[in-house]
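Student: I am new to this structure. Please show me how to read it, one feature at a time.

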Amino acid sequence: GNLTPPAVTLVVLCSAASEMLKEFSSIALEMRVAPLSAQSSKSLVGLNSRVKQAELMATVIVPLVFGWYASLTQAPAHLIRVVLCAHLVSAITADFLWRRTLAASGVEKASAKAPATRHLQGWSFAAPLDPVMGMCIADALLFCTVLNDHDPLFTVHLAAAGLDPGILGSARSLGAFAGLLGTFLWPSIQSRQGTPRGAAIALLAFIVAVAAALPGLRMSPGVALLFVTLSRPFLWTFDLAMVSILQEFVPAHWRGQAAAFRDLGCELFELLIATAAVALPNFEQFWALAGISVAAVC
C-alpha cells in the first residue's frame with residue numbers, strides 16, 4: 001500500500017531516537033567504559049580504534065544488506081514494518097550488550113565510589129591554548145562542509161555535473177574503507193608523535209586533501225570526488241584523536257559533558273552550512289558553498 005503520513009512520521013521518529021541513543025552510547029563507551037576497561041594508555045588507544053572499526057563496518061554492511069532486501073520487494077508498507085522491527089531488535093540487543101559491558105567493566109561500581117562533584121577541579125574553559133578547547137573547535141568546524149562523500153548536496157552536484165551513479169556509489173564504499181584505514185593509522189601515529197601532535201598531523205593532512213578538492217571542482221567532478229575520498233582516512237584518524245584528547249586531558253567526572261558539547265558544536269556547524277545551502281541553491285553557486293567549506297576547515 002501507499003505510505004501514510006503517520007507511518008512515515010513514526011519511521012522518522014524511530015530513526016531520530018536511534019540516532020540519539022547511538023550518540024549516548026558512543027559517549028558513554030568512549031568517555032566512561034573504555035578508560036576503565038583499558039589496562040594502559042596504549043591499550044586504550046587500541047580499544048578506541050576497535051570501536052570505530054566496528055562502527056565503520058556496520059556503516060558499510062547495513063546499507064548494503066537493507067538495499068539488497070529492499071530490491072526484492074516493492075511494498076512500502078512491508079519495508080516500513082521491517083525497518084521498525086529492525087529498530088526494536090537493535091534496541092533490545094543494545095540494551096542486553098550494554099548491561100553485560102557495564103557489569104564486566106565495573107563502571108557502575110566505580111561511579112558509586114566516586115565522590116559527587118559539580119566542579120571542574122582546575123580544568124579551564126577559557127584557556128585559549130588549551131588543547132581540548134582548540135581541538136573541539138577545529139573538530140566542529142570540520143562539519144561546516146559540503147565536501148563530504150556522504151553529503152547529499154555534494155552528491156546531487158556531482159550527479160548534475162554528469163558523474164555516473166555507479167562511480168558515486170563506489171566512492172562511498174571506498175570512503176568507508178578509507179575510514180577503516182584511518183582507524184589503523186591513529187594508534188601508530190599516537191605512539192610516535194603523542195596525542196596533541198598526532199592530532200595536529202592528522203588534521204593538517206585532512207585539510208590538505210579537502211582543500212585540493214576545491215580546484216578539483218574546476219577540473220572535473222571526478223577529481224573533486226577523488227580528493228574528498230582521499231581525505232577520509234585522515235578525517236577518521238582525527239576523530240579518534242579527538243576521543244584520545246578528551247580521555248587524556250579532561251577530568252573523568254566531566255568527560256561526558258565535554259563530549260556532549262563537542263557533538264553539539266558539530267551539529268551547530270552542520271546546521272550552519274545547511275542554512276547557507278538554502279541561501280545558495282543553484283548549481284553554479286555550489287562553488288561558493290565549497291569555498292565556505294574549505295575556509296571553515298582551514
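Tutor: Start with the term for helices. Helices (H or I, at least four residues) and strands (E, at least two) are DSSP runs, numbered from the N terminus. Val-294, for example, is found in helix α11. Note that this is a predicted model: local features need pLDDT of at least 70, side-chain atom pairs count only at pLDDT 80 or more, and totals for chains, interfaces and linings use all residues. Residues are numbered from 1 along each chain as its sequence is written, and side-chain values use heavy atoms, with hydrogens and water left out.

Student: How many helices and how many strands does the protein chain have?

Tutor: The protein chain has 11 helices and 0 strands. Along the sequence its pattern reads α-α-α-α-α-α-α-α-α-α-α.

Student: Is Val-294 buried or exposed?

Tutor: First the scale. Buried means under 20% relative accessible area, exposed means over 50%, and partly exposed lies in between (1.4 Å probe, protein chains only). Val-294 has 11% relative accessibility, so this residue counts as buried. Across the protein chain, buried residues make up 36% of the 298 residues.

Student: Which residues is Val-294 in contact with, leaving aside its neighbours within four places in sequence?

Tutor: Contact means heavy atoms within 4.5 Å. With those neighbours set aside, Val-294 is in contact with Leu-147, Val-210, Ala-211 and Leu-214. Now try C-alpha atoms. Val-294 and Thr-145 are 149 residues apart in sequence, and their C-alpha atoms are 7.3 Å apart in space.

Student: Where does Ala-176 lie?

Tutor: Ala-176 lies in helix α7 (residues 165–193). Ala-176 is buried, at a relative accessible area of 8%. Leaving aside neighbours within four places in sequence, Ala-176 is in contact with Leu-56 and Val-60. Ala-176 and Ala-58 are 118 residues apart in sequence, with 10.0 Å from C-alpha to C-alpha.

Student: What share of the contacts with a separation of 6 or more comes from residues 24 or more positions apart?

Tutor: In the protein chain, that share is 76%.

Student: Now salt bridges. How many are there?

Tutor: A salt bridge is a side-chain nitrogen of Lys or Arg within 4 Å of a carboxyl oxygen of Asp or Glu. By this rule the count is 4 salt bridges. In one of them, the side chains of Asp-139 and Arg-262 meet at 2.6 Å, N to O. Asp-139 lies in helix α5 (residues 131–141) and Arg-262 in helix α10 (residues 255–279), so this pair ties together parts that are 123 residues apart in sequence. Asp-139 is buried, with a relative accessible area of 3%. Arg-262 is also buried, at 9% relative accessibility.

Student: Which residue forms a salt bridge with Asp-149?

Tutor: Arg-232 does, with the closest N and O atoms 3.7 Å apart. Arg-232 lies in helix α9 (residues 221–249) and Asp-149 in the loop between α5 and α6 (152–160), so the pair ties together parts that are 83 residues apart in sequence. Arg-232 and Asp-149 are both buried.

Student: Which residues are linked in a network of salt bridges?

Tutor: The network links Lys-52, Asp-139, Asp-239 and Arg-262. Look at Asp-239 and Arg-262: their side chains meet in a salt bridge at 2.9 Å, N to O. This pair links distant parts of the chain, Asp-239 in helix α9 and Arg-262 in helix α10, 23 residues apart.

Student: What describes two packed helices?

Tutor: The angle between their axes and the distance between the axes. Axes are lines fitted to C-alpha atoms, for helices over the stretch in contact, and angles run from 0 to 180 degrees between N-to-C directions. Here α9 and α10 pack at an angle of about 145°, with their axes 10 Å apart. The contact is made by Asp-239, Met-242, Val-243, Leu-246 and Gln-247 of α9 and Arg-255, Ala-258, Ala-259 and Arg-262 of α10.

Student: At what angle do α10 and α11 cross?

Tutor: The axes of α10 and helix α11 (residues 286–297) cross at roughly 160° and come within 10 Å. That makes α10 roughly antiparallel to α11. The cut-offs: angles under 35 degrees count as roughly parallel, over 145 as roughly antiparallel, 65 to 115 as roughly perpendicular and the rest as oblique. Ile-273, Ala-276 and Ala-277 of α10 make the contact with Leu-289, Ile-292 and Ser-293 of α11.
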